Amino acid sequence: MTKNSEKSIDVFGVGNALVDILALVEDDFIKKHGIKRGGMTLVDAQYQGSLLHDLEKTDLKLRSGGSAANSIIAIAQSGGTAFYTGKVSSDTNGEFYRQDLLEVGVEFDVTPAPSSDGPTGTSLVLTTPDAERTMCTNLGVSSALTPTDINLEKLSCSKYSYSEGYLWSGEKTRATCIETMEQSKRHGVLVSFTFSDKFLVDGFADDFRKLITDYCDLVFCNADEARAFFGIESLEDCAAKLGESVETAFITDGPNGCWVVQNKVVTHVTGFPVKAIDTVGAGDAFAGGVLFGITHGYSPTQAARWGNYLGSEVVQIQGPRLENSQARRVQEIIG
C-alpha cells in the first residue's frame, strides 16, 4: 500500500454539488418570506422559484458550490491537488458546475444524471447587511449521489477524504458518506468530516458521534455546532471533549479564530480581524486551508492559521470562495 505521504492527490472530497445563487438582501426580505435566518433550509423548486421571482431586480451571481466543494476549491487555490465527487444533471447548470471546478484546478468527472431525473441542485444564498448568510437549498439531483459514484482509484491515491455533514440529509447520500469512509480506511486514506450545520447536529448528533468514533481522523465544526453537540458553553471544554473521540479537531469561532485539539492537547489560534460583509463560505475556506496545510507537512496549529487567513479573506467579499490562487501567500502567513 502506498504511504500516505506519497499519494498523488491531497484530498478526495464528497458532498452535495450545488450551484450557489448569491444575492444581497435587506432584513425585510427574510422576514417577509418567513425564512429561518442564519442557517440552511431545504426547499422545493417551486418555493425557491418564488423567492427568485421576488429577486428579479436584484443582481445575482452564480458559483459552483456546496460546502465540501468550496473547501476543495480552497485546497486547489492554496496550491494543493484535489478531486471532487458530487452529482449534477446534464443541464446548463450541471455543465456550468463542471467547467467552473475544472477552471480552478479541481478534478471532477462524475457522470451527470439525465436531465429527465431532475435539475442540478441550487442553493439561494441570501446575505443581509450584518454579513449573515441564510440559505434556501433545492438539492435537485445532488441527492441522487450513490456509493457507485465513488471513484475508488482516485480515492485510493488520496491522502485524506473529506465528507460534509449535509450528506446526512438524504438516504442515498448518507450511504455514500459512510462508504467513502469505509473505503478510505480500506485503502489507507485518512478520514476528515465536517458537521456543516447546527440543524444537522440537532437531528443527527448520535450518528455523528458514531461516525467520529468509528472512522474519523480529523473533524471540523463551528462554535454553534460544538455547543449544541456537547451542551457545553466553553469552546475550550468542547475541544477537549471532542479530542476524547478523535485525534485531531478544529472548532471555528468567527473573528476569534479557532480551537485546535491534537492528541488531547487543546490550543487556541487567533484569527485575522477584518470587516465582514458576507460570512458564507468562511468555514468551508477554513477547512480547505487546514486540509491543505495538514497534507503539506504543516502542524495543525500552523494549518489552522492558514485556514483562519482564508476564512478572513472570504468574509470580505460576496460569495463562498476567493477568485484567485492564494499559493503565494502561504509562507508569508504561516511563517
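Visitor: What share of the 335 residues of the protein chain count as buried?
Guide: The share is 55%. This is a predicted model, and the value is computed from its atoms. To count as buried, a residue must have under 20% relative accessible area.

Visitor: What makes Leu235 count as buried?
Guide: Set its value against the cut-off. Leu235 has 5% relative accessibility. The limit is under 20%, so Leu235 counts as buried. You will find Leu235 in helix H9, residues 235-242.

Visitor: Which residues does Leu235 touch, not counting those up to four places away in sequence?
Guide: They are Ala223, Ala226, Arg227, Ile251, Asp253 and Trp259. Contact here means heavy atoms within 4.5 Å. Cys258 and Leu235 are 23 residues apart in sequence, and their C-alpha atoms are 9.1 Å apart in space.

Visitor: And why does Thr180 count as buried?
Guide: Thr180 has 0% relative accessibility. That is under 20%, therefore Thr180 counts as buried. Thr180 sits in helix H6, residues 171-186. Beyond its sequence neighbours up to four places away, Thr180 touches Val14, Ile150, Leu155, Ser161 and Ser163.

Visitor: How do you know that the radius of gyration of the protein chain agrees with a compact globule?
Guide: Compare two values. A compact globule of 335 residues would have a radius near 20 Å. The protein chain has 18 Å, so the two agree. Along its principal axes, the C-alpha trace spans about 50 × 40 × 40 Å.

Visitor: What part of the contacts with a separation of 6 or more comes from residues 24 or more positions apart?
Guide: Such residues account for 76% of them.

Visitor: What makes a set of residues a nonpolar core?
Guide: Its members are buried residues of nonpolar kinds such as Ala, Val, Leu and Phe, joined through side-chain atoms within 4.5 Å. The largest core here has 43 residues. Among them, Met181, Phe193, Phe195, Phe208, Val219, Leu242 and Ile251 touch the most other members. Helix H7, residues 198-214, gives the most to this core, with six residues. There is also a second, separate core of 32 residues, including Ala69, Val110, Ala287 and Ile294. In soluble globular proteins, nonpolar side chains tend to be buried together.

Visitor: What does Met181 touch, not counting residues up to four places away in sequence?
Guide: Its contacts are Ser163, Val191, Phe193, Leu211, Tyr215 and Cys216.

Visitor: What is the order of the open sheet of eight strands?
Guide: The order is S5-S1-S8-S9-S10-S11-S12-S13, and the pairing is mixed.

Visitor: Why do strand S5 and strand S13 stand at the edges?
Guide: Each has a single partner strand, so one side of each is left without a neighbour in the sheet. From one strand to the next, the twist averages 15°. Helix H3, residues 67-78, packs on this sheet and touches S1, S5 and S8.

Visitor: How do you know that S8 and S9 pair?
Guide: Pairing takes at least two bridges. S8 and S9 have five, in the parallel sense. The count meets the rule, so they pair. Tyr162 stands opposite Ser192 in S9. S9 and S10 are also parallel, over three bridges. There, Thr194 has Phe220 in S10 as its bridge partner.

Visitor: What makes strand S9 mostly covered?
Guide: Four of its five residues are buried. Strand S10, residues 218-222, also has four of five residues buried.

Visitor: In what sense do S12 and S13 pair, parallel or antiparallel?
Guide: They pair in the antiparallel sense, over five bridges. Gln262 has Val265 in S13 as its bridge partner.

Visitor: Which five strands form an open sheet?
Guide: They run in the order S3-S7-S6-S2-S4, with mixed pairing. S3 and S4 are the edge strands, each pairing on one side only. The twist averages 25° from one strand to the next. S6 and S7 are antiparallel, over six bridges. Val125 stands opposite Met135 in S7. Helix H4, residues 92-103, lies across S2, S4 and S6, at about 70° to S4.

Notes:
Residues are numbered from 1 along each chain as its sequence is written. This is a predicted model: local features need pLDDT of at least 70, side-chain atom pairs count only at pLDDT 80 or more; totals for chains, interfaces and linings use all residues. Side-chain values use heavy atoms; hydrogens and water are left out. Helices (H or I, at least four residues) and strands (E, at least two) are DSSP runs, numbered from the N terminus. Axes are lines fitted to C-alpha atoms, for helices over the stretch in contact, and angles run from 0 to 180 degrees between N-to-C directions. Buried means under 20% relative accessible area, exposed over 50%, partly exposed in between (1.4 Å probe, protein chains only). The radius of gyration is taken over C-alpha atoms; the globule rule is 2.2 Å times the number of residues to the power 0.38.
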